[in-house]
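Hi,

Here is the structure you asked for. My notes on its salt bridges follow.

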Amino acid sequence: MSDTPRQVLQSIFGYPDFRGHQEDIINHSLSGRDALVLMPTGGGKSLCYQIPALCMEGTTVVISPLIALMQNQVDALQALEIPSAALNSNCPPEEQAQIFSALKEGRIKLLYIAPERLSAPGFIDFLTTLNISLFAIDEAHCVSHWGHDFRPEYLKLEQLKERFPRVPRLALTATADERTEKDIIQRLGLQYGAVFRSSFDRPNIAYYVSSKSNPMTQLVGFIKSKHSGEAGIVYCMSRKRVETITAKLCELGFDALPYHAGLTSTERSRNQSHFLKEEGVIMVATIAFGMGIDKPNVRFVAHLDLPKNMEAYYQETGRAGRDGLPANVWMIYGQQDIVRTRMLLSENPSYEQRIQDLQKFDALLGYCEELTCRRQILLSYFNEHSEPCGNCDNCLTPPDIQDVTTDVQLALSGIYRTGQRFGAGHIINVLIGNESDKVVECGHDQLPLFSKGKHRSRSEWQLIIRSLLARNLIHQDLEGYGALSLKEECRPYLKGEVKFSIRIEDKKSGKARVSPKILENGDDQKLFDELKRVRLELAREADVPPYIIFFDRTLLEMVHKKPDTVSALSNISGIGATKQEKYGPQFLEAIGNFIAKQTVD
Ligand code: ADP
Ligand code: ZN
């Protein structure tokens with residue numbers, strides 16, 4: 001073993017310190033043990049296998065489902081002069097042959113492959129002849145049917161344990177509910193490994209949700225007020241809407257491009273490459289776009305239509321601000337969206353799937369209609385507790401709140417007193433005193449709480465129950481008839497010990513409220529723009545996206561510190577030895593010129 005993980009982090013990647021569990025994960029892998037890493041997008045998963053790869057003899061194999069993502073990582077590693085390669089279907093035969101011989105000679109530290117590759121005849125046998133230091137399995141949730149993105153090719157990974165009993169495996173994902181997590185561990189045979197779970201919070205992302213009135217005006221208002229000239233993604237439900245919105249944005253002078261499954265693959269990759277390689281492009285897209293896009297400086301994600309569930313929302317919004325700098329995610333929704341999505345989800349022929357999808361969608365609606373901190377709700381959906389964040393619309397501009405603490409008590413007692421065997425419709429009938437056949441038949445009209453809730457309408461009760469589901473205080477049975485039951489967490493609410501408030505009247509205003517800019521000072525902004533220009537030039541020369549040269553964060557640190565010597569430059573996060581030598585002079589010169597010009601002015 002040559003360098004320690006910390007030395008590699010500092011000298012090669014140019015970062016002063018590890019983040020979160022990174023160091024523990026790296027040491028765990030170095031000691032030859034398996035692990036599962038659950039870390040949000042932008043959390044820094046890549047270093048968890050890149051650093052062990054550099055600290056160990058041999059080759060680390062990274063399995064990743066997306067070619068774009070692989071290529072991106074290989075570009076980034078090559079910019080650091082780390083011997084790495086990607087074997088995928090885009091790779092011409094001569095290049096493949098070169099990679100194979102480099103592998104045989106032990107010249108490759110990191111090899112990226114798509115999971116399909118493992119089924120290629122003789123490939124696994126070939127790997128057994130090499131010195132493999134580690135298998136990193138990215139997007140590990142793809143191995144599970146429970147995850148939202150199951151990929152049959154991932155099942156091939158089950159063989160790794162048997163074929164390479166001595167090689168540690170590191171599974172990584174940014175999405176895993178409990179079921180998926182268990183499934184990953186079981187399918188990959190990671191029983192004796194450890195699970196490293198980070199908080200799924202993305203503190204740099206600000207969350208905004210409002211009612212839809214005039215989508216185009218609202219969207220343009222949002223972009224202009226906060227994100228002019230910045231890169232972002234606008235999600236729409238249909239191809240047609242993607243086309244219309246793109247056309248309108250272009251008419252208004254934005255650099256916008258469409259992306260959906262109806263375009264040819266050439267058009268799609270051209271648009272994607274423009275988005276990655278140029279600054280300030282807006283991608284208007286269906287959900288076909290995004291997986292594997294790790295452009296770090298996407299400054300906003302806007303939803304003009306509702307995503308399918310919280311997992312999808314979290315993933316899609318998570319594409320904003322991977323670089324850790326402030327980013328806004330913004331969504332508008334209306335009654336129509338709700339009806340339309342419900343209808344779509346109800347078309348699924350599988351009963352179980354249908355119920356599950358609808359319940360998950362309801363949780364998303366609960367999130368939309370909530371009055372308290374968005375982040376708290378989002379995180380509690382993923383079983384994480386947090387305090388009000390101060391960086392979401394509800395925290396920044398608290399809406400009018402109705403206290404429904406006693407109604408919630410009533411709803412919870414309704415569920416309890418009827419034996420936790422009935423769905424929302426029946427419970428509501430009991431609460432509002434509707435003597436339906438079933439209510440009478442079950443004798444629920446005799447309960448003391450019968451008709452105690454008639455001061456509220458059916459739809460208000462639905463909202464309350466939906467919100468209870470959204471906050472995970474009650475459970476809806478997926479099999480059977482959607483019976484509601486109480487969860488342990490609801491106890492304080494049942495006793496009325498904790499207040500519960502809800503938005504009954506939808507707020508009328510749909511205007512965007514946004515958080516402060518990254519750079520307030522005009523001169524700083526000018527220097528930042530100038531450094532971005534230098535970066536873009538270097539990126540075009542090397543035919544890589546600008547962030548392969550330096551992240552925005554690194555440029556911003558240059559703006560603040562204005563380094564004037566090579567050694568001052570090396571203290572900036574994200575500048576390791578290689579990049580300092582390769583790009584340092586150009587940036588020092590740009591900063592020098594800028595300061596000189598300012599002094600003259
Ligand atoms: P993920 O794969 O988890 O989405 P990445 O591995 O792409 O995240 O890392 C996200 C960003 O954080 C990248 O810009 C990466 O260079 C940066 N990063 C990761 N670890 C550190 C660290 N210890 N210090 C500073 N920046 C880091
Ligand atoms: Zn908040």
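**Salt bridges**

E158 and R187 form a salt bridge, with their closest N and O atoms 3.2 Å apart. (A salt bridge here is a side-chain nitrogen of Lys or Arg within 4 Å of a carboxyl oxygen of Asp or Glu.) E158 sits in helix α7 (residues 158-163) and R187 in helix α8 (residues 178-187), so the pair ties together parts 29 residues apart in sequence. Helices are DSSP runs of H or I with at least four residues, strands are E runs of at least two, and both are numbered from the N terminus. E158 is partly exposed at 35% relative accessible area. R187 is also partly exposed, at 24%. (Buried means under 20% relative accessible area, exposed over 50%, partly exposed in between, with a 1.4 Å probe and protein chains only.)

This is a predicted model: local features need pLDDT of at least 70, side-chain atom pairs count only at pLDDT 80 or more, and totals for chains, interfaces and linings use all residues. Residues are numbered from 1 along each chain as its sequence is written, chains are lettered from A and ligands numbered from 1 in the order written, and side-chain values use heavy atoms, leaving out hydrogens and water.

Next, E279 pairs with R535 in a salt bridge, closest N and O atoms 2.8 Å apart. E279 lies in the loop between α11 (265-277) and β11 (282-285), while R535 is in helix α22 (residues 522-542), 256 residues apart. E279 is partly exposed at 23%; R535 is buried at 0%.

R374 and D393 form another salt bridge, also with a closest N and O distance of 2.8 Å. Both residues are buried. Shared partners join E279, R299, D323, R535 and D552 into one salt-bridge network.

The whole structure has 28 salt bridges.

Best wishes
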